[in-house]
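Here are my notes on this one, written to be read with the model open beside you.

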Amino acid sequence: MRPDGRFAPSPTGVLHVGNLRTALLAWLFARSQDARFLMRVEDLDTGRVRREFETEQLDDLRAVGIDWDGDAVRQSERQELYQSALERLDADGLLYRCWCTRAEIREAASAAHGERPEGAYPGICLQLTAAEVAEREASGRPPAWRVRADGARVTFTDRLCGETSGEVDDFVVRRNDGAYAYNLAVVVDDGDQGIGEVVRGADLLDSTPRQLWLAGQLGLPQPAHAHVPLMLGQDGARLAKRHGAVTLADRAALGQSPDDVRRELLAPFGAGELRHHGGARGALRSRAHPMTLFVRWILPALICLGGLIAIVAAPGEAEAGAMIIGAGLSVWLLNLLYRVGVSGERDRRDEDRARDYFDQHGHWPDERGPHS
């Protein structure tokens, strides 16, 4: 699959800088591979979403330099796709109704035996007798719909977190208020839009086994994943409004421009300036030191130019001029070999050290700075 990417905000509030950093990284992952980048508005939770938040979120994303291919799509306009997927699951015998309240699930989960993931559904309604089903139907309480996963275990390799494995419980695919659940909608959308790599926050890592399993049941391609670390507050907790200036508007009040915020967000990843090229295409390019540019490009070019001048000025000494050009090309070739070999190996070692740090501490180096 092409590594096409996406960002899918839910318009239930203003994006904070942690959201913006995740969006920037998702955008860079796609654009650096010359892939498409799509914008999808996750507005299924009609009780909480607000159109004004959607407008503000998209404006903030544009302000920090993010563009996307085509128009942003809304999940609320894709209901037929979700219904079709639900009908397919039902036809395959993978759905059952569930009348459990959250309190009942917590109580049953605390009394369950064996090792199960925290918050996993213990299968209460799967084991109901016909009489119990009739009693619940008579109560008038609408049921949710769950998939029957039979405790399947899914293992995948995350680009940042490495090999990850998780047990799939019988999760909800349609809520009792009739809304399609996140896990169903995101899988259907990613498959329909041809998303090849999902880049999102590490807080969603635990939901990935469910989504990969569901994609398999629906016959959809399974995208690659990269779960990026969350931004943390000074107290080590996940970034939130209580941590102070966390939105673009907050930062603007402190005199920071969107460009300042973007550079700050990407600094821990060794990012330089953000340059757009090829129309809507964009990528991250590190800002090279002037001496590096001179040694890599200008010096070899000057040597080759000197050889050409020597050939034109003294045709009888063309052999000497050719040797000078050869020397210039040799300098360029040595630079290339250094970048691929010595410099590339150093970069790989730095990346390995950063990964080891993340595995040990749960965040990237220097991520707990004053604006984390």
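1. Start with F156: its bridge partner in β7 is T164. That pair belongs to an antiparallel pairing in which six bridges join β6 (residues 153–158) to β7 (residues 162–167). The two strands make a hairpin, with three residues between β6 and β7. Bear in mind throughout that this is a predicted model.

2. Zooming out for a moment, the protein chain has 372 residues, and 39% of them count as buried. It carries 11 helices and 12 strands. If you take contacts between residues at least 6 apart in sequence, 72% of them join residues at least 24 apart.

3. Three strands make it up, in the order β4-β5-β8, with antiparallel pairing. β4 (95–98) and β8 (172–174) are the edge strands, each pairing on one side only. From one strand to the next the twist averages 45 degrees.

4. Four of them hold β4 against β5 (residues 144–147), in the antiparallel sense. On this side R97 has W145 as its bridge partner in β5, while Y96 stands opposite R146. Going across to β8, two bridges join it to β5, again antiparallel.

5. Which residues have the most contacts inside the largest nonpolar core? They are L20, F37, M39, L61, I66, W68 and L265, in a core of 31 residues. The elements giving two or more residues to this core are α1 (17–31), β2 (37–41), α2 (51–63), β10 and α9 (258–266). α1 supplies the largest share, 10 residues.

6. Leaving aside its neighbours within four places in sequence, L20 is in contact with L15, D60, L61, V64, L248 and L265. Apart from this core lies another, of 28 residues, and its members include A185, V186, W213 and L218.

7. How do α1 and α9 sit relative to each other? Their axes come within 10 Å and cross at roughly 75 degrees. The two helices are therefore roughly perpendicular, since an angle from 65 to 115 degrees counts as such. From α1, the residues V17, L20, R21, L24, L25 and L28 meet V261, R262, L265 and L266 of α9. By type, the residues of this contact divide into eight nonpolar, no polar and two charged.

8. Last, a loop residue. D235 is found between β10 (224–228) and α8 (248–253). Is D235 buried or exposed? With a relative accessible area of 53%, D235 is exposed, because the cut-off for that class is over 50%. Beyond its neighbours within four places in sequence, D235 is still in contact with R242 and H243.

How values were computed
Residues are numbered from 1 along each chain as its sequence is written. This is a predicted model: local features need pLDDT of at least 70, side-chain atom pairs count only at pLDDT 80 or more; totals for chains, interfaces and linings use all residues. Side-chain values use heavy atoms; hydrogens and water are left out. Helices (H or I, at least four residues) and strands (E, at least two) are DSSP runs, numbered from the N terminus. Buried means under 20% relative accessible area, exposed over 50%, partly exposed in between (1.4 Å probe, protein chains only). Contact means heavy atoms within 4.5 Å. Two strands pair if DSSP finds at least two bridges between them. A nonpolar core is a set of buried Ala, Val, Leu, Ile, Met, Phe, Trp, Tyr and Cys residues joined through side-chain atoms within 4.5 Å. Axes are lines fitted to C-alpha atoms, for helices over the stretch in contact, and angles run from 0 to 180 degrees between N-to-C directions. Angles under 35 degrees count as roughly parallel, over 145 as roughly antiparallel, 65 to 115 as roughly perpendicular and the rest as oblique. Ala, Val, Leu, Ile, Met, Phe, Trp, Tyr, Cys and Pro count as nonpolar, Asp, Glu, Lys and Arg as charged, and the others, Gly among them, as polar.
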